[in-house]
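Please look through the structure below with its charged side chains in mind. The paragraphs that follow lead through some of their pairings.

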Amino acid sequence: MDMEVDIIEFKVPVENNKTIFIWDIQPVFSEAHIFESLWSVYSAFGALYLVKVCPNATVAEPGFYALVKFYSAAQASKAQRATDKQSLFQNYPLKVRLSTKQNLAFYTSNPLSPSKCLDLANHYLGFSGWSTRIIALKDISKCVDAGCPEEVDSQGVFLKYGCIVELTFPQHGVSCQGVGVAEEIIDSARDPEEKLRRRGTLMKRAKERAVVRAFEKVLLMVLGNGKVAIECRFDPDEILPEENSEGVIKVNDIPWNEFDGAADSNAEQDFPWDLPVD
């Protein structure tokens, strides 16, 4: 018999079959208590992207409804079947259904935030199941292809940093790389300490984006027996430095503009960067 395999990507889940709705939540608990209770119940079925609790419409009876979004369709389906018509944390049965809204599967899914990447990797692989290494972290502000905005005047300083990170899964013998870039125009009149702080922020942001881009290439294949296999996808159009290139970023060969803004909209907390630059 073929073993069931569930494919999980490091992207925001948008498919209907990964979202469940929960109705008939009684107004005897606070929203915070309901959130914690739902997270506790449903995280037992698999990694969660989102739990959201909302009050019922004013025309309805007092109470709440909630949605829970999984990364895995199989885990969402299993959770729905197991918890429908169950009381869980209250004295009244809940109604639990898979989402039936318009299918958004054809929409382009956004990358996860750095913190979500970390949580998902740790959930399936453990804290020691993966690692990152900075291959290059460079100031590319003055490079020909850096794309300095036209609105920069004599009162502004254009700063841009590029980073290449290697993401490794030692127990699986696979690795991949990601590229990130961050830029900002700062007032040249700012004091040197503030300029230095802004440079540090840009370097950190470039590193976060590089890690997100690396995780985007990763597929987690969760087997029916609970074991996890990993596959890394490679973009043939992406040019990265060779192993012995001493971390030099070839700015003219990399479409940096494609990475502008990556992961910022979903950023929720700082990524724990404590790795030295090679």
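A salt bridge is counted here when a side-chain nitrogen of Lys or Arg lies within 4 Å of a carboxyl oxygen of Asp or Glu. This is a predicted model, in which local features need pLDDT of at least 70 and side-chain atom pairs count only at pLDDT 80 or more, while totals for chains, interfaces and linings use all residues. Residues are numbered from 1 along each chain as its sequence is written, and side-chain values use heavy atoms, with hydrogens and water left out.

Glutamate 216 is buried, at 16% relative accessible area, whereas arginine 213 is partly exposed at 25%, where buried means under 20%, exposed over 50% and partly exposed in between (1.4 Å probe, protein chains only).

Across the whole structure, a search finds nine salt bridges. Among them is the one between arginine 199 and aspartate 139, whose closest N and O atoms are 3.2 Å apart. Because arginine 199 belongs to helix H4 (residues 192-216) and aspartate 139 to strand E6 (residues 131-139), this pair ties together parts that are 60 residues apart in sequence. Arginine 199 is partly exposed, at 28%, and aspartate 139 is partly exposed too, at 40%.

Glutamate 183 and lysine 160 also meet in a salt bridge, at 3.1 Å from N to O. Glutamate 183 sits in strand E8 (residues 174-187) and lysine 160 in strand E7 (residues 156-169), so that distant parts of the chain, 23 residues apart, are linked.

Notes: Helix = DSSP H or I, 4+ residues; strand = E, 2+ residues; numbered from the N terminus.
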